[in-house]
Structure formats: structure tokens, C-alpha cells
Amino acid sequence: MAVTDAQNPLLGETTCGSLLQKLQEIWDEVGESDEERDKMLLQIEQECLDVYKRKAEQAAKSRAQLLQALSDAKLELSTLVSALGDKSFVGIPEKASGTIKEQLVAIAPALEQLWKQKEERVKEFSDVQSQIQKICGEIAGNASEQRGALAVDESDLSLKKLDEYQVKLQELQKEKSDRLHKVLEFVSTVHDLCVVLGMDFFSTVTEVHPSLDDSTGVQSKSISNDTLLRLAKTVSALNEDKKQRLHKLQELATQLIDLWNLMDTPEEERRLFDHVTCNFSASVGEVTIPGALALDLIEQAEVEVERLDQLKSSKMKEIAFKRQVELEEIFARVHIEIDPEAAREKIMALIDSENVEPAELLADMDNQIARAKEEALSRKEILDRVEKWMSACEEESWLEDYNRDENRYNASRGAHLNLKRAEKARILVSKIPGMVDALVAKTRAWEEDCGISFTYDGVPLLAMLDEYAMLRQEREEEKRRFRDQKKFHEQQNTEQEAIFGSRPSPARPASTKKVVGSRANGGANGTPSRRLSLNANQNGSKSAAKDGKRDSMRLAAPANYVAISKEDAASHVSGTDPIPASP
């Protein structure tokens, strides 16, 4: 041992051998006994053994720690691989080989890479879940209450799980986009309605939710169920308000138009309320002009209607008389006789008594005018036929006057025109019987349908037609007597020629002129005066005074009902012998 542990002069280091040699030198110098020397050497060996033992224990403990670290590393590696769902990770050693430290060194890069991958995956999960939580909060309406840290479940960080979260996030983002689009549509509708109704859009929309203001970004607007529900209720309420205001405005516009028409309001004054009447027949969706349904506009229209109502009350008599004049004109056009003075007195009495509302009185007069127009329409066809009949009678009268004219065949100026008119008049006169028959049939049918007599300026039309038929028959008899007289005179002339051998002088006797003059003034039998007396008795003096010109042209027109033929008229005018009173 002394040789082994001797000091190595080359190394120059202190070794156990050198120290033991030095210790022996000291013992020799001191003179220690062998017993003491053995005891101390035994003590030194025991102390060395304790040191070795302690070092061995430390080494064993270190090895155990390394094994535990290796086991933990493998477990963590397995856990990370399982959590990440990547079982085909490339960096994991296939077999455990080498020392413990070598195995730890071999597994450390894989662990580090998996840790890094886990941190990235956790960040991805956290981002996706944060967005999901935020959108869910916005939909639920409690986004401000979910600002805390979000815990990520690290037991499952697989890509499959991440894809599930991302799919859910995409669905929520789409729902958010749809909700945001719906919110913006509602806000736009509220804006349009507020503009038309003249309301404050800012205060209206912020009552629903403060984030709906235009100054707020689009992505910051509330999309919660409560916001959508309140927006829908707001739009519904505004639409209902718009509908009611439009209905009110249209009622006011109707009243304005009626009052204007009633009082003949000038166009300049009407144009002041074009903004009211322009939506007279518009639907709710067609009204888009800003302020078209504002409350102040409706109030303005109400004030104008009230003003016109008061003005209408003061002008009631003038308006009622205007209606009465319109009614009288309708009756006059269709030859219906009424008592205008009595009607005016009745209107005055109703207005002065104040027992009838002005609107009711005007409505009643409007109904009378409507009924008068209906009756006028039903009489139109018959009146047209009466006009044609009277026109034909006028031509008949002219033809008789023409036939009595001794100079009608002279080559005077305009004679050819009279000849043409006479030919047309003869054709028209020949149609008079057919006209009368058709008119009688139409009149009787009308009276059966209406249950009243058809009058013409107060005279029953059938009575006029019957009188005409009677007068026509009398004229036919007159013509027959005239022909018999002519035949009698011709026979007398023939007898005189046989006795005396010459014809009498062709000079026209005075009696002939007297007959012609009598015929020119209405006929020898007085038929025109009879016709006029009938009209006078049935029409009354009031009808004749009301329209004298019309009576003279229409009612007196059929005085000479039956025209004498051209040959009879010529013989009558150029006859040489006086006409006796009877055949």
C-alpha cells in the first residue's frame, strides 16, 4: 500500500499514499505504538468507507431521479402526443437504448418540439374559443359580462377538435352576419319611416339600443335577440303610425278637395296644399317624400279644413243656390218642368231654421242632381226622337210656305237652293208618320218601365202625339175636300164650255186670295191655334215665360203638321174659281 500510494513526483499531487507515508513519519517521530497506529488506521478506513457509502447512496439517488425524469419525460411525451392527436410524430425515439442520460438527451428534442406545438395549439384554441364566446355573448346580449380569461381544455388539442370549434365559429360568424344585415335593414327602415313621419331618427333608434347610432361602427352594433325584437316592434309601430297618419291625411285631403270644389276655390290657393293632396290616392308604401306625414303638416291641414268649414257655413246659401241652378239646368235640358221659386224658398227655410246640417243639405241636393242626371239619361233617346220630329215639322211648315209662294219658280237669286231644300223636305215629311209611331212606342215603353207619364215642358208627350195624329187626320180630310172642290169646279167649267163655247177669264177671284191668306195664317180650319191653345192650357204661363224662344221654335213648330203635295199646292194657289165652304 505504501508502494501504491507513494507520492508520484511526476504528478506533484497529494495522494492517499503520500499522506499515509507522512503520517507514519510523524508517528515514528512521536513514537506511537503499533496498537495506536492500527487503531488510527482502522478509523481512517472506516471514515473512507463512510465516504464511499455516502457517495454510492448519492449516486443511487441520482440514478433514481434520472429514471424518474426519464419516466416523466416518456409519460409527458405520450400525453402530449395524445393531446395533440398526432400519433405519427417523427421525433420520438423508436427504442430505448444507451444510458439513462443518453435516453434523456434523445427524448428532450421531441419534448421541446411537442411543448412548442402544444403552446401554439393552445393559442389557436384560445383564439377560436374567445371568438365563439364573444359572438355568443353578442347574440345573448351580455357581451360585456364575458370579459374573463377563457380556460382551454388541454386534454384534447387535436386538429379534429380544433376543426369542430372552427366550424362552430364559422356558423356563428354567418349567424352574426345575418343578424347584422337584419339589424342594418331594420335601422334603414326606421330611418326611412322617421324621415317620412318627421321624427328624430337618432332618439328613436338609440331608444332601442345605444350602439345603433350612425357614429358607431358596423361591427359594434348590437345583434342580440332583444335588439332584433325591439327593432321589429319599433318598425311595426312606425308602420302603423304611418298608416294611421296617411289615412288621416287622405281624409283631410278628401275634405279639402270637396270644400274647394264646393266653394270654387281658385287654383292658386289649392296649390298651397299640394303636399297634402299629392298623396290623396297613394298607398302606404308609395309615400316616401321626407316630412310627407309630419304631425305639423297634418295639423296645418286640419286648421285649413276647419277654416273652410267655417267659411262654408257663411256661404251656405250661395252654395245651395248654385246646386239648385245646376239642378234646374239639368231639368231644363231634358224639358222637365219644375217650380224653381218654391225650391229656392224651401232651401232658404231649411238654412234659416238650422235644423239641417249644411253637409246633409248639400248631400241631399247632390243626390237630387245625381237622380236628375239618371232621369235625363233615361229620357235622352226619346228626346232625341222628339227633336228630330219637331225638326221635320219645321221643315213641313217651311215646305207649305214655299208651296204657297207664287214666285218660287222664278229665276231669282237662291231659287235653286230652295228647290233642293224643298226636295229634301218632301222626303223628310214622308218619314214623319214612321217617326211618330216609333216615338209613341218608345214613350209607352218608357212610361211602363218608370211608372210615370213622360212630359215635355209639362205637357204629356203622348197627348202631343195624339193631338198631332188628330190634326194630321183633319188635314187629310181638308186635302180631300180641296180635291173634291177642285173636281167640282172643273166640272162646272166643262159644262160652261159646252153651253157658251168659251172658258171664263183666268183672272184670280178675290175669294181665292182670301183663302190663301187664311191658310198662310194658320189654315182655314185653325189647326195651329188649336195646337198652341193646348200647349198654353197644359204648360201654363210660367213655362211659356221661362223659355219663349224655345216654345216658339219647338212647341209651335208642328203647327202645319201635314204638307200639301206640290201639285195640290200649285192648284190651290193658281185656281181660277172661288172655293166654296163645303164640297
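The protein has 19 helices and two strands, where helices (H or I, at least four residues) and strands (E, at least two) are DSSP runs numbered from the N terminus. This is a predicted model, in which local features need pLDDT of at least 70 and side-chain atom pairs count only at pLDDT 80 or more, while totals for chains, interfaces and linings use all residues. Residues are numbered from 1 along each chain as its sequence is written, and side-chain values use heavy atoms, with hydrogens and water left out.

**Overall picture**

- Of the 583 residues in the protein, 33% are buried; buried means under 20% relative accessible area, exposed means over 50%, and partly exposed is in between (1.4 Å probe, protein chains only).
- The protein exposes about 35800 Å², and carbon and sulfur atoms supply 53% of that area. Accessible areas come from the Shrake-Rupley method with a 1.4 Å probe, and for residues only the protein chains shown count as cover.
- Among contacts between residues at least 6 apart in sequence, 76% join residues at least 24 apart; a contact means heavy atoms within 4.5 Å.

- In soluble globular proteins, nonpolar side chains tend to be buried together.
- The largest nonpolar core here has 65 residues, and those with the most contacts inside it are Val183, Leu212, Leu256, Val276, Val287 and Leu293. H6 gives the largest share of this core, 13 residues.
- Apart from it lies another core, of 34 residues, with Ala372, Cys393, Trp398 and Leu465 among them.
- Such a core is a set of buried Ala, Val, Leu, Ile, Met, Phe, Trp, Tyr and Cys residues joined through side-chain atoms within 4.5 Å.
- Val183 is in contact with Leu212, Ser222, Ile223, Leu228 and Leu231, leaving aside its neighbours within four places in sequence.

**Along helix H6**

- Leu256 has its place in helix H6 and counts as buried, at 0% relative accessibility.
- Leaving aside neighbours within four places in sequence, Leu256 is in contact with Phe273, Val276, Glu304, Val305 and Leu308.
- Leu256 and Asp309 are 53 residues apart in sequence, and their C-alpha atoms are 9.4 Å apart in space.
- Thr254 is also placed in helix H6, but at 31% relative accessibility Thr254 counts as partly exposed.
- Thr254 and Val276 are 22 residues apart in sequence and 9.8 Å apart in space, C-alpha to C-alpha.

**Where H5 meets H6**

- Two packed helices are described by the angle between their axes and the distance between the axes.
- The axes of helix H5 (residues 201-208) and helix H6 (residues 225-263) come within 9 Å and cross at roughly 140°. H5 and H6 are therefore oblique to each other.
- On the H5 side, the contact is made by Thr204, Glu207 and Val208, and on the H6 side by Thr227, Arg230, Leu231 and Thr234. The residues of this contact divide into two nonpolar, three polar and two charged.
- For the terms used here, axes are lines fitted to C-alpha atoms, for helices over the stretch in contact, and angles run from 0 to 180 degrees between N-to-C directions. Angles under 35 degrees count as roughly parallel, over 145 as roughly antiparallel, 65 to 115 as roughly perpendicular and the rest as oblique.
- Ala, Val, Leu, Ile, Met, Phe, Trp, Tyr, Cys and Pro count as nonpolar, Asp, Glu, Lys and Arg as charged, and the others, Gly among them, as polar.
- Val208 lies in helix H5 and, at 6% relative accessibility, counts as buried.
- Not counting residues up to four places away in sequence, Val208 touches Thr227, Arg230, Leu231 and Thr234. From Val208 to Thr227 is 19 residues in sequence and 6.6 Å in space, C-alpha to C-alpha.

**Two positive phi values in loops**

- Most residues other than glycine have a negative phi.
- His335 has a positive phi of about 60° although it is not a glycine. His335 is found in the loop between helix H10 (316-333) and helix H11 (340-353), and counts as buried at 7% relative accessibility.
- Asp457, another residue other than glycine, has a positive phi near 55°. Asp457 is found in the loop between strand E1 (455-456) and strand E2 (459-460), and counts as buried at 3% relative accessibility.

**Two arginines in helices**

- Arg323 is found in helix H10 and is buried, with a relative accessible area of 14%.
- Arg444, in helix H14 (residues 432-450), is partly exposed, with a relative accessible area of 47%.
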